[in-house]
Amino acid sequence: MDNIDGRVQTEDSQNVPAAPRAKSRAWLKRLGDFWTLGILVIILAVFGILQPSFLSVSNWFNTTTYMTETLLLAIGETYVIITAGIDLSVGAVEGLAGIVAALVMVALEPHGATFAMIAGTLAGMLTGVLFGLLNGLVITAMKVTPFIVTLGTMGIATGLTFILSGGTDVVNLPNQLSNIGNATVLGVFSFPTFVTVLCLIAAGIILYQTRFGRYVYAIGSNAEAARRAGIPVNRNLIKVYTLSGAIAALSGILLLTRFATGSPLTGTNDELNAIAAVVIGGTSLFGGRGTIVGTLIGAAIISVLITGLVILSVQPYWQTVAIGVIIILAVWIDQFRHRMA
Amino acid sequence: MEPVLQAKGIQKYYGSVCAIEHIDFEIYPGEVVALLGDNGAGKSTFIKILSGVVKQNHGQILIDGKPVQFASPMEARRFGVETVYQDLALAPDLDVTANIFLGREILRGGLLGRLGFLDKREMRGQVAGRLDQLKVSIKSVAQIVSELSGGQRQAVSIVRAASWGRKLVIMDEPTAALGVEESAKVLDLIKQVKARGIPVLLVTHTLPYAFDVADRIVVLRLGRSVADLRADATDTNEVVQWITGSKTVDRIAELQGHRG
Ligand SMILES: Nc1ncnc2c1ncn2[C@@H]1O[C@H](COP(=O)(O)OP(=O)(O)OP(=O)(O)O)[C@@H](O)[C@H]1O
Ligand SMILES: [Mg+2]
């Protein structure tokens with residue numbers, strides 16, 4: 001009798017909250033998809049009220065261009081995190097690729113500025129691809145966790161950046177570089193923003209429409225299931241990390257076009273902003289879930305927050321404090337949603 | 001009639017541990033065979049051999065009378081042998097269609113296809129058709145697997161196996177984690193798979209389930225195949241006796257009968 005009573009009770013206690021729980025779950029899911037957009041709007045409104053010039057055309061250019069720094073890295077990071085990995089090396093690779101590109105451009109300028117810029121761009125991209133490949137190979141072949149591998153390559157890339165540059169800025173880049181970097185495309189985009197928009201669209205299409213994108217999700221969702229289904233898991237992981245390295249390099253090269261100077265400090269801590277953008281955007285650190293649109297919103301929040309704080313003349317040191325708080329909040333929400341699912 | 005799959009004199013050692021001493025087994029087109037046996041009898045090991053997960057030390061596997069060697073699960077699948085694993089091998093964040101086509105995606109035609117673009121509509125259509133054929137009730141082919149009940153997930157696994165298993169679908173305790181109602185649905189699904197002419201090898205500990213769906217019951221005991229019984233010519237009592245080993249004498253007679 002006791003037993004039966006006990007069982008009935010437990011079933012009751014499970015059944016009664018079941019319906020509301022299901023409802024709150026669906027509600028949470030919808031909230032999870034849109035709360036970031038809401039926060040972006042709120043932040044924009046607050047800054048707009050505090051400082052009307054924040055909503056000006058020139059600030060649109062500033063903010064979107066500034067945003068490309070975070071967004072490009074975040075695109076690659078989105079792929080990586082969907083596979084349940086992490087790439088801590090993107091900021092350092094961005095910096096190294098920029099320095100390599102700058103040094104090649106300076107060295108080859110006597111042979112013609114256009115030639116120098118193309119060669120420098122290729123050298124920079126190659127640097128990123130090689131670092132991404134290295135990350136992917138070590139992670140898959142040596143079975144070291146992505147966190148440690150990319151922490152290591154982050155150190156390697158940072159060190160090489162300082163060794164190659166001697167710790168000082170690389171100057172005397174071709175003049176045409178800043179012409180490109182400061183060009184306006186289609187009236188609303190700076191050149192870096194335009195390139196980033198193209199990358200964003202391509203990354204979204206590849207992720208949602210192609211078999212490779214499908215495998216990225218499958219590997220992050222259940223790597224063992226993917227393996228049993230005959231998906232070449234390692235090869236796809238190597239592709240993902242290579243992509244992340246390449247896009248980090250592209251970001252570093254675009255920064256060169258903006259400032260016409262290669263700084264060894266470029267990219268420092270940028271991986272934090274990128275990871276924050278991805279996680280705020282709803283991509284799960286547990287893998288298997290995430291969207292490019294979410295990452296766009298996440299990057300926008302971070303960039304608007306930082307440029308807004310600058311406009312309000314808040315000490316710049318508060319920026320990393322703000323991002324630190326956001327990243328913890330976003331991960332907390334991610335864990336919460338993971339437990340609900 | 002020729003068996004679709006035949007295993008002759010299978011033996012498997014793990015180091016010095018003998019997991020399977022000697023198993024003879026065959027399954028014919030359109031047949032459901034239940035594989036029974038006590039814990040440690042060697043059922044899972046035997047299934048792993050048939051699905052290419054582990055390799056036997058001795059013995060031969062023949063498909064349509066031709067000897068085959070499975071170096072990997074992929075190879076077994078290429079021969080049309082699909083397995084529903086006990087730990088569901090699904091990707092919980094992907095939808096039903098993506099899971100059923102996992103690793104076998106249909107690409108679009110032309111240039112887009114060569115660039116790796118998925119033909120999502122075609123895959124959804126095919127999955128809807130298969131769910132319909134097998135009478136599986138899942139609300140939408142685009143539903144995320146983590147939102148499904150345990151029984152529905154099992155159904156997705158089985159539909160996937162039945163979609164690709166031309167020769168044989170193996171299921172290792174597909175009802176182990178399910179309640180009575182959901183188990184009944186899985187049994188219905190097995191009957192649907194059988195009705196479509198695909199042989200099923202079912203491992204279970206639940207005798208009534210075996211009698212419900214199986215045409216034949218094969219009993220393993222201590223790594224040997226000890227009994228091969230027509231389901232309609234035996235009963236629970238006899239099967240239990242074989243499983244527990246209280247009926248052993250007949251084995252020799254039966255084996256001799258087989259040979260003779
Ligand atoms: N990887 C392994 N290494 C060593 N011994 C093993 C291994 N796998 C199985 N065995 C042994 O082989 C024998 C058969 O095991 P198996 O898992 O095939 O039994 P089973 O019939 O599936 O049992 P159950 O009903 O409990 O699932 C057991 O004695 C087991 O301990
Ligand atoms: Mg077993």
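Here's a quick briefing on chain B of this structure, plus a word on the cysteines. Keep in mind that this is a predicted model. Chain B has ten helices and ten strands. With a radius of gyration of 19 Å, close to the 18 Å that the globule rule gives for 260 residues, chain B is as compact as a globular protein of that length.

**Dimensions and packing**
- Taken along the principal axes, the box filled by the C-alpha atoms of chain B is roughly 65 × 40 × 35 Å.
- Of the 260 residues in chain B, 50% are buried.
- If you look at contacts in chain B between residues at least 6 apart in sequence, 66% of them link residues at least 24 apart.

**Cysteines**
- As a reminder, a disulfide is a covalent bond between the sulfur atoms of two cysteines.
- Over all chains, the disulfide count is zero, with the cut-off being cysteine sulfur atoms within 2.5 Å.
- Cys199(A) has a relative accessible area of 19%, so it falls under the 20% cut-off and counts as buried.
- Cys18(B), at 33% relative accessible area, is partly exposed, because that value lies between the 20% and 50% cut-offs.

Conventions:
Residues are numbered from 1 along each chain as its sequence is written. Chains are lettered from A and ligands numbered from 1 in the order in which they are written. This is a predicted model: local features need pLDDT of at least 70, side-chain atom pairs count only at pLDDT 80 or more; totals for chains, interfaces and linings use all residues. Side-chain values use heavy atoms; hydrogens and water are left out. Helices (H or I, at least four residues) and strands (E, at least two) are DSSP runs, numbered from the N terminus. The radius of gyration is taken over C-alpha atoms; the globule rule is 2.2 Å times the number of residues to the power 0.38. Buried means under 20% relative accessible area, exposed over 50%, partly exposed in between (1.4 Å probe, protein chains only). Contact means heavy atoms within 4.5 Å.
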